[in-house]
Amino acid sequence: MATLTVGSGKMYATIQLALNAANDNPASAAAMDVIVIDAGTYNETLRCTSLSGGWQIPCILRAANPLSKPIITSTGAAQAALGNSVYRGSAGGQLTFENLVFSGWTAATNAVIYATTDGLSMSGCEFVGCTGRRVIRTVGGTASRVGLVDSCLFHTSGSTGTGSQGMVLAATAFADVLNCVSVCPTNVQFQQGTTRYVYHNSVYGTWNSGGSSKVMSGVGAYRANVIQNVGTGGSHAIDASGGGSYTENLAFGTWTTTYAGTNGGGNDTGLDPQFNNPGAYDLTTPSTSPCFRTVARSAVVLDTYDGASRSDPTDKGAFETIASTTVGSVTVVSSTSIRLNLVGSVTSDATWTTAGNYTITASGGAVAVSVSSAAITDAGLSITLTTSEHTNGGSYNIAWAGLTNITNDNDPYTGTSTPPVVSSAAMTAGKTIRVVFSKSMSNNAALTTTGNYLISGMTVSGVVRVDATRVDVTMTERIPAANSAITVNGPQDTALNPVVNSLASFAVPYLTFVPGGAATNEGRALAVAFNLPPTGGASATTDWTVTKSTIKGADVTVTGVTVVGANAALTLHPGMTRGVPYTITAPGAVNGSGGLG
């Protein structure tokens, strides 16, 4: 198999040159060449048969971009594509057209696309402004080459004559006509001949009285088709008198005979399908249509004309009406995630995952929240949003707009979040504690308010922010070992969640006095306790000073020292004067953990 490209600067300038180069000896399935055609207008008639021998070439003609289909315009010839020869050999492939537009062709005798009885496959193709007796002949193939016309658009004027004029003529039982849309201003059949399946086609047009103006005719299974006649009359909406079966179809308008043959049940007559805009090829229907959700989905046709997955039950016709839904509730998943729970399942697309289609509004002092991403969850029954952090207990409203099949609306919810705590606390000096928070904190007044920090029995003199997660808390007094825990209450993280009575213990590595020394023997002896045993600077009398704070009283010196563990016994001379305050210091005292704080 080879891939041949057509277009400006590609392998071939015309489609026919690529066809000429295609493999014309189909001895096996491997003979299928693919011709990829760039968007543009091609004014040429396509000969889809071999240059020698006359057999039909089993190749694929495909648009390079299905969203920008190549247009093949009339050259004045009777056929746009001619392949009216049989295959040679045992090739499993067949002549295939994908996403091409045929515009302005007139075929008085045979068809715009005239193919062999060995089968033809067409999908996503459009016929615009084509006239004449037939559009496609012949679709039907063999058991190994089943003919197919799938999701094709017919906007043709056709013939006002009688007989086998039509848009799709399938001559053998091995053909399927599925999901096609036809708007035909004059008397044209949609399908004639024998087929396997004619399912989910939508046909709208004018069939005049008189003549053999049968819309669907032949042996086969006809199901969930919608046919509307806006003319003065027509012979048959469906004629399966040759042995076909037809079930769950809808025919509306004036017909000589709406159905002929064996009625399989579930067919509707006299009910307006309510096509939205036939003049613009729009044969979709609203949810008020009698076509809406009236047939069980068939394993043969799982998608619609425009490629959407059909629900079960599904609609009659080529399209499925997408019923809109809305959000029934909001689930708060975490401090940075919420889930929108849909009332019903509908078709999703990229609008659901576009973060800009969602807006969260905060109120009551809660922090503003933004949406960073959206994901479709629970098999399309919910949408989960990833957000910035919420305020715990904050009031929020989530609004959405521009989501396909989801009604624009909004819902309130209460945010949740994990409050910050004190991760750790550690002394960095005899009067200073460094507090580390578990989250980044707001740099507001609550962070440095001294009353938000408490050490039992002590006074906080100041709080200084170090960075987003740390503050230094300074005490008025030195911190003794007995007071080695700090409680924080009130500072807020960046989502305005406050710390609530978070307690953290810390070590007191700095050598300090334990308050409460006692004088005895008329003031000549003094017991002093450290919070840690001193390892130096406390055993000599010269290590100590005693000062008084008034002019009264005797000046006192230390004449003897005994240190046992964290306790020091001092001998003083002369004794201290009763009623006079004294200060005892050992400024050079040290410990393995630090100096005197």
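Predicted model: local features only at pLDDT ≥ 70, side-chain atom pairs only at ≥ 80, totals over all residues.
From here the briefing moves through the strands, the aromatic rings, the cavity and a pocket, and ends with some backbone details.

**Parallel strand pairs**

- Strand β5 also pairs with strand β8 (residues 95-98), in the parallel sense and over three bridges.
- Within that pairing, isoleucine 60 has threonine 96 of β8 as its bridge partner.
- Glutamine 191 finds its bridge partner in methionine 216 of β23.
- Strand β23 is joined in turn to β26 (residues 236-239) by three bridges, again in the parallel sense.
- Methionine 216 turns up here too, with isoleucine 238 in β26 as its bridge partner.
- As background, strands of a sheet pair through backbone hydrogen bonds, either parallel or antiparallel.

**An antiparallel sheet**

- Four strands form an open sheet with antiparallel pairing, and their order is β39-β40-β43-β42.
- At the edges sit β39 (422-429) and β42 (460-467), each of which pairs on one side only.
- From one strand to the next, the twist averages 25°.
- Inside this order, β40 (residues 432-437) and β43 (residues 470-475) run antiparallel and are joined by five bridges.
- One of the residue pairs here is valine 435 with its bridge partner valine 471 in β43.
- In a regular strand the side chains alternate between the two faces of the sheet.

**Aromatic rings**

- The count of aromatic pairs comes to eight.
- Tyrosine 197 and tyrosine 199 form a tilted pair, because their ring centres are 5.2 Å apart and their planes meet at 45°.
- Tyrosine 197 is partly exposed, at 26% relative accessibility, whereas tyrosine 199 is buried, with a relative accessible area of 9%.
- Tyrosine 204 and phenylalanine 275 make an edge-to-face pair, with 6.1 Å from centre to centre and 80° between the planes.
- Tyrosine 204 lies in strand β22 (residues 202-205) and phenylalanine 275 in the loop between β31 (268-269) and β32 (327-334), so this pair ties together parts that are 71 residues apart in sequence.
- Phenylalanine 275 counts as buried, at 10% relative accessibility.
- Elsewhere, ring pairs link Phe97, Phe102, Phe127 and Phe154 into a cluster.

**The cavity and a pocket**

- The model has one cavity of 30 Å³ or more.
- The volume of the largest cavity is about 40 Å³.
- This cavity is lined by 10 residues, and the closest to its centre are Leu19, Asn20, Thr49, Leu51 and Ile57.
- Helix α1 (residues 15-21) gives the most to this cavity's lining, with three residues.
- Sorted by class, the lining of the largest cavity holds four nonpolar, four polar and two charged residues.
- The second largest pocket has a volume of about 190 Å³.
- Its lining has 22 residues, and those nearest the centre are Asp306, Phe319, Glu320, Thr321 and Ile322.
- That pocket's lining splits into eight nonpolar, 10 polar and four charged residues.

**Backbone details**

- Arginine 137 and threonine 138 are joined by a cis peptide bond, with omega at about 5°.
- Threonine 138 sits in the loop between β14 (134-137) and β15 (147-150).
- Another cis peptide bond joins aspartate 312 and proline 313, where omega is about 5°.
- Proline 313 is placed in the loop between β31 and β32.
- Arginine 293 also lies in the loop between β31 and β32, and although not a glycine, this residue has a positive phi of about 50°.
- With a relative accessible area of 25%, arginine 293 is partly exposed.
- Alanine 379 is not a glycine either, yet has a positive phi of about 55°.
- The loop between β35 (371-377) and β36 (382-387) holds alanine 379, which counts as exposed at 78% relative accessibility.

How values were computed: Residues numbered from 1 in each chain as written. Heavy atoms only, no water. 1 Å grid on protein atoms, 1.4 Å probe; cavity = no way out; pocket = protein on both sides within 12 Å on 5 of 7 lines; lining within 4 Å. Points joined across faces, edges and corners; volume = space filled by probe spheres on them. Helix = DSSP H or I, 4+ residues; strand = E, 2+ residues; numbered from the N terminus. Nonpolar A, V, L, I, M, F, W, Y, C, P; charged D, E, K, R; others polar. Pairing = 2+ DSSP bridges. Axes fitted to C-alpha atoms, helices over the stretch in contact; angles between N-to-C directions. Phe/Tyr/Trp six-rings, centres within 6.5 Å; stacked < 30°, edge-to-face > 60°. Buried < 20%, exposed > 50% of the residue type's maximum accessible area, 1.4 Å probe, protein only.
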